[in-house]
Amino acid sequence: MNDQLEKVYEDYQRYIYHLCLKLTRNQTEAEDLMQEVWVKVVRYQAYIKDVDHVKAWLTTICLNTFRDRYRKTVRRSKHIINQPEQLDVPVLDLIPSHSLSTEDMLEKDDLSQMVQQKISALDHIYKTTVLYFYVYQYSLVEIAALMKVSIGTVKSRLFRAKQRLKEMMIADTNAVEYLPA
């Protein structure tokens, strides 16, 4: 192992472990996930020197590894569900929960990332208008004053920005699965 990789491990092992623990909510699974993450880091160690933000790079690897593991588990469970005579489901698992499931949280995160990417791809004027209205929650009057335009212009920019975002989402094959039918 080279010195740079050892330094990365020393600096971030606790962070990665706690992130894995937060994602899995289980110590054994967190340790397994952490091991997979470090295997990937070792596999891609040649890229470390090109990475500007090592912590963000490691976080991305960790989140992607968790998602991959989760998707594999879901695929396996679908095969089990198709064979009910072999399925042993605890009664508590059948009680509906009002909190988001891990799958729903991941889907929401994926969709949020996609929308953020699409917003950043908008023209500057539309992007700024969308951010002011939806992120910073400025009123139409405040946005008009900030951008030195009329309220009607702000409304039309919001309308056009939403139309453009919708077109971009429809054109994106990865985003189509999240769109309502």
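The questions and answers below walk through side chains and loops of a predicted model.

Q: How many aromatic pairs does the structure hold, and is the pair of Tyr44 and Tyr47 stacked, tilted or edge-to-face?
A: The structure holds six aromatic pairs, and one of them joins Tyr44 and Tyr47, whose rings lie 6.0 Å apart from centre to centre.

Q: Which kind of pair do the rings of Phe133 and Tyr134 form?
A: Phe133 is partly exposed at a relative accessible area of 27%, and Tyr134 is partly exposed as well, at 41%. Their ring centres are 4.9 Å apart, and because their planes stand at 85°, where over 60 degrees is what the name requires, the pair is edge-to-face.

Q: Which residues form one aromatic cluster with Tyr136, and where does Tyr136 lie?
A: Tyr136 also belongs to a nonpolar patch on the surface, formed with Tyr134, Val135, Tyr138 and Leu146, and together these residues have about 500 Å² of accessible area. As for its place in the chain, Tyr136 lies in the loop between helix 5 (124–135) and helix 6 (140–147).

Q: Which residue lies over the face of Tyr15, and at what distance from the ring centre?
A: A charge counts as sitting over a ring if, among other conditions, it is within 6 Å of the ring centre. Over the face of Tyr15 lies Lys55, and the distance from the ring centre is 4.6 Å.

Q: Is Lys118 buried or exposed, and which side chain does it contact?
A: Lys118 lies in helix 4, which covers residues 102–121. Because its relative accessibility is 13% and the cut-off for buried is under 20%, Lys118 counts as buried. A polar contact of 2.7 Å joins its side chain to that of Asp172.

Q: What is the phi of Arg25 and of Lys148, and is each residue buried or exposed?
A: Arg25 lies in the loop between helix 1 (3–24) and helix 2 (27–43), and its phi is positive, at about 60°, although it is not a glycine. Lys148 lies in the loop between helix 6 and helix 7 (151–171), and although it is not a glycine either, its phi is positive at about 55°. Because exposed means over 50% relative accessible area, Arg25 at 66% is exposed, and Lys148 at 75% counts as exposed.

Definitions and conventions:
Residues numbered from 1 in each chain as written. Predicted model: local features only at pLDDT ≥ 70, side-chain atom pairs only at ≥ 80, totals over all residues. Heavy atoms only, no water. Phe/Tyr/Trp six-rings, centres within 6.5 Å; stacked < 30°, edge-to-face > 60°. Buried < 20%, exposed > 50% of the residue type's maximum accessible area, 1.4 Å probe, protein only. Lys NZ or Arg CZ within 6 Å of the ring centre and 35° of its normal. Patch = residues over 30% accessible without salt bridge, like charges linked within 9 Å, V, L, I, M, F, W, Y side chains within 5 Å. Areas by Shrake-Rupley, 256 points an atom, 1.4 Å probe, with all protein chains shown as cover. Salt bridge = Lys/Arg side-chain N within 4 Å of Asp/Glu carboxyl O. Helix = DSSP H or I, 4+ residues; strand = E, 2+ residues; numbered from the N terminus. Polar contact = N/O pair within 3.5 Å; in protein donor to acceptor, adjacent residues only side chain to side chain.
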